[in-house]
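Hi,

Here is the model I promised to pass on. Have a look at it first, and my notes follow below.

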Amino acid sequence: MRNTLIVLAAVASVAACASRPEPTPTPATQPPAAAERPQGPVPGSIEDFRVSVGDRIFFGYDQFALTTEARSVLERQAAWLRQYPGVRLLVAGNCDERGTREYNLALGARRAAAARDFLISLGVAGNRMETVSYGKERPLDPRANEEAWSVNRNSHSQIVSGAVS
Amino acid sequence: MMRVIKGITAAFALLCAVAWTATPAAAQTPAPASTQGRLHVDITEGHLNPMPVAVVDFIAASPPAAQVGRDVAQVIRANLERSSLFRSVAPAAFIERIQAMDVPPRFGDWRIIDAQALTVGQVTALPDGRVRIEFKLYDIFAEQFLTGFSYSTTPDNWRRIAHRISDQIYEQLTGERGYFDTRIVFVSESGPRTRRVKRLMIMDQDGANPFFLTGPDAMVLTPRFSPSAQLITYMSYETGAPRVFLYNLETNRREVLGDFPGMTFAPRFAPDGNDVVFTLDMNGNAEIFAMDLRSRQRRRLTNHPAIDTSPSYSPDGAQVVFNSDRGGSPQLYVMAADGSGQRRISFGDGRYSTPVWSPRGDLIAFTRQGGGRFAIGVMRPDGSGERILTESYLDEAPTWSPNGRVIMFFREGRGEGPRIWSIDLTGRNLRQLPTPTEASDPAWSPLLP
């Protein structure tokens, strides 16, 4: 339960970030359902995907299994991607710093593959996605504590082309 | 003291092209009728009483040569001190003033200041612009000449000669090859943790002559030397996805190794230098492959849905140790070089990774993670005799000195940047290496050719 709350806070804080996510130690104050407000992001834009859908899913320690949370985010991603068929993704797997470098590269690859495979199972064409692993090299949250690590264990669906600008 | 050579690529070209002549130095001093045993340091024990060695400033006929003589002696003293096997007797205590190389020292003058070994030397400017650097090593109590060499080289190459002399002294007094004429390649780190800049950097074993090999644009990881020390294999994001690269230190050219469908990482050379073993990840399944560098033929060594990564050859090339989580958590496994006979060797508490086979073949160094901490340890290739050398919030990525007696690794404090450290196999002599920036992923070269 506590972990779920942390992840939810993380999703909210990530959603509140600019396109180059900066660390935000405190949970975002605004609700994540920004799209419901009249001045939401442009539909089909990178911002729309990030804020209205959620571009990151999170994992347990040394895990690559998709949580219920992760599946629902990926389902929203798949629906959005069906709506905007010209969009291409880079699915990047990330790890926390509590593992060694090469192992984490392999673990990040597993996380990215798990996200990609689930999107494919939901009807997103495999050739619209590339995967990469950043291992523990690209933490979202620079701090060295459980909260930061739980945020840093993620798969990031990054739009590389085809979004409405 | 740390005189950095300017003109970095030129400096390396010089290092490669050193034509050094090693000739046994002049006539052996007649040994006195002593029955004392050979002067010897036992390297396998912890050293609470390092052997006192006196290193005299090398004598010279001209002021520039005398400066080289002082610098050479200082580098030798620093090397011996850092090994912790030796203690440099303070030059201020010296009684005899050495004035000629061909006259034996007054052993009593050195005995009285408690020196057990004495190094004297001379620097001579040669007519062709080069210098000749000679040294002699004496056993003070046996009143015996032990060894000596003469090297001719370009004046700016004095530092390598100092390292070679240090290696000669170490070898003579311990019976083991030294490790001073070596280099370290590592990842230089800068910038905030969320946008880290990671570049390849190389320097001498003592931290002198550091310079970048790659630029700030592409993140690089895990460099490792070839057995000739002329090539480095590493991982880079230069072309987007992680790829294993080869960097040639002679030409300063780099190339991607092979054309693979997934990402490639965790490369290491075979001990004969003919192939590179690495991890190829295809759709989330990391497997170990080897590629022959001449034929560019690849062979697959593992075939398992678990993570298989971090391969490292045994020095005879017959076996490969690697990291796999096929048993539920990351552990160490050994297989034959053709992939057969895969078996787990780590059974202690915790998660084991980054195995590296010792150049002597008798031990495997690793990173062990447990209880919220990371440790560097060693075990025998059959998994027995596990011993932890050091641990902290994060200790990772051991690399062996070429004689298998010292291990370097990187250490990160909680929320802090990494630095490179070294520790003796005895578990003593923990030291931080001087690096110009924060630094990780060290790799120790073989003795330079």
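Let me start with a sheet in chain B: an open one of four strands, ordered β18-β19-β20-β21, with antiparallel pairing. (Strands are DSSP runs of E of at least two residues, helices are runs of H or I of at least four, and both are numbered from the N terminus; two strands pair if DSSP finds at least two bridges between them.) The edges are taken by β18 and β21 (343-344) of chain B, each with a single partner strand, so one side of each has no neighbour in the sheet. β18(B) and β19 (residues 319-324) of chain B run antiparallel and are joined by four bridges, with B:Y313 opposite B:V320 in β19(B). Helix α4(A) packs on this sheet, where it touches β18 and β19 of chain B, and its direction makes about 145° with that of β18(B).

Before I go on, some housekeeping. This is a predicted model, in which local features need pLDDT of at least 70 and side-chain atom pairs count only at pLDDT 80 or more, while totals for chains, interfaces and linings use all residues. Residues are numbered from 1 along each chain as its sequence is written, and chains are lettered from A and ligands numbered from 1 in the order in which they are written.

Now the interface: 29 residues of chain B are in contact with 21 residues of chain A (contact is C-beta atoms, placed from the backbone, within 7 Å). Several strands of chain B each supply at least two residues to that side, including β10 (220-225), β18 (308-313) and β26 (394-400). β14(B) gives the most, with three residues. By type, the chain B side divides into twelve nonpolar, twelve polar and five charged residues (nonpolar is Ala, Val, Leu, Ile, Met, Phe, Trp, Tyr, Cys and Pro; charged is Asp, Glu, Lys and Arg; the others, Gly among them, are polar).

In chain A, helix α3 (residues 68-83) packs against helix α4 (residues 101-121) at an angle of about 55°, with the axes 9 Å apart. (Axes are lines fitted to C-alpha atoms, for helices over the stretch in contact, and angles run from 0 to 180 degrees between N-to-C directions.) The contact is made by A:R71, A:L74, A:Q77 and A:A78 of α3(A) with A:A115, A:F118 and A:L119 of α4(A). Those residues divide into five nonpolar, one polar and one charged.

As for chain B overall, its secondary structure comes to four helices and 30 strands. Its C-alpha trace spans about 70 × 45 × 45 Å along the principal axes.

Cheers

Conventions:
Two residues are in contact if their C-beta atoms, placed from the backbone, lie within 7 Å.
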